[in-house]
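This report describes one protein model in plain terms. Please look at the sequence and the structure below before reading on.

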Amino acid sequence: METGSPGGTDTAGAGTARTGPTETGTAWIGLPPGLLRMRRLLLVVWLGLAAVGLGVLLGLLAGPAWAAFALLPTAGIAWGWVMLGRNWRSWRYAERADDLLISRGVLWREETVVPYGRMQLVEVTSGPVERHFGLASVQLHTAAAATDATIPGLDPDEAERLRDRLTELGEARSAGL
């Protein structure tokens, strides 16, 4: 079974993978599998439509032999399927005492640390496709635009819980400045 993050795992609510504390004592939470299903379905739909459209167009304009080039988007589906899985497994976040950590990336690991006291706005967004799959994203805004961070594909209840907790912690930390 795929989990949302590397290391030992146990499942905690709504398909979100959680990992135990690491050597630094941080408990990482992975993204739910619904995000991976949504992204893979979108990959198959868009590249599948591209393959059919390219095949028909080449078949009519250049001949049936050229229609074989429509298999290129199909190869893109196979490659993208694997890459989406690797990307999904790389995303994780952790709530610590003074900040929120967001880690992502396969080749280039990127870890964002957002101190609770620096948060100005925490919003939950969900587009039509995300709503169809029962997902929402949490976006954190700070004074510095470079440190804005997003956690995609969360369960809406988890996204609202995280928003409320981060807002509460942000207000408490900023009041102490």
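**Basis of the model**

This is a predicted model, in which local features need pLDDT of at least 70 and side-chain atom pairs count only at pLDDT 80 or more, while totals for chains, interfaces and linings use all residues. Residues are numbered from 1 along each chain as its sequence is written, and side-chain values use heavy atoms, with hydrogens and water left out.

**Overall make-up**

The protein has 4 helices and 9 strands. Helices (H or I, at least four residues) and strands (E, at least two) are DSSP runs, numbered from the N terminus. Along the sequence they follow the pattern β-β-β-α-α-β-β-β-β-α-β-β-α. Of the 177 residues in the protein, 36% are buried. Here buried means under 20% relative accessible area, exposed means over 50%, and partly exposed lies in between (1.4 Å probe, protein chains only).

**Strands**

Strands of a sheet pair through backbone hydrogen bonds, either parallel or antiparallel. In this report, two strands pair if DSSP finds at least two bridges between them.

Strand S3 (residues 27-30) and strand S4 (residues 92-95) run antiparallel and are joined by 2 bridges. Ile29 has Tyr93 in S4 as its bridge partner. S4 is also joined to strand S5 (residues 99-104) by 4 bridges, and these two strands run antiparallel. Here the bridge partner of Arg92 is Ser103 in S5. S4 and S5 form a hairpin, with 3 residues between them.

Arg109 has a relative accessible area of 44%, so the residue counts as partly exposed. Arg109 and Ser90 are 19 residues apart in sequence, and their C-alpha atoms are 8.4 Å apart in space.

An open sheet of 3 strands has the order S7-S8-S9, with antiparallel pairing. Why is one side of strand S7 (119-125) and of strand S9 (149-154) left without a neighbour in the sheet? Both stand at the edges and each has a single partner strand, so one side of each has no neighbour there. On average, neighbouring strands of this sheet are turned by 15° against each other, direction ignored. The axes behind such angles are lines fitted to C-alpha atoms, for helices over the stretch in contact, and angles run from 0 to 180 degrees between N-to-C directions.

S7 is joined to strand S8 (residues 136-142) by 6 bridges. Met119 stands opposite Thr142 in S8. Ser137 also has its place in strand S8. Is Ser137 buried or exposed? Its relative accessible area is 8%, so Ser137 is buried. The side chain of Ser137 makes a polar contact with the side chain of Glu130 at 3.0 Å. A polar contact is a pair of N or O atoms within 3.5 Å; within protein, one must be able to donate a hydrogen and the other to accept it, and residues adjacent in sequence count only if both atoms are side-chain atoms.

**A nonpolar surface patch**

Leu41, Leu42, Val45, Trp46, Leu49 and Val129 make a nonpolar surface patch of about 570 Å². Patches are made of residues with over 30% relative accessible area and no salt bridge; like charges are joined within 9 Å and nonpolar side chains (Val, Leu, Ile, Met, Phe, Trp, Tyr) within 5 Å. Accessible areas come from the Shrake-Rupley method with a 1.4 Å probe, and for residues only the protein chains shown count as cover.

Helix H1 (residues 33-61) gives the largest share of the patch, 5 residues. Trp46 is found in helix H1, and at 60% relative accessibility Trp46 counts as exposed. Leu49 lies in the helix too and is exposed, with a relative accessible area of 54%. Leu49 and Pro73 are 24 residues apart in sequence, with 9.0 Å from C-alpha to C-alpha.

**Salt bridges**

The structure holds 6 salt bridges. A salt bridge is a side-chain nitrogen of Lys or Arg within 4 Å of a carboxyl oxygen of Asp or Glu. The table gives some of them.

| Residues | N to O distance |
|---|---|
| Arg96 and Asp99 | 2.7 Å |
| Arg104 and Glu110 | 2.8 Å |
| Arg163 and Asp164 | 3.2 Å |

Salt bridges that share partners also join Glu95, Glu158, Arg161 and Arg165 into one network.

Arg96 is partly exposed at 34% relative accessibility, whereas Asp99 is buried at 12%. Arg104 is buried at 17%, and Glu110 is partly exposed at 42%.
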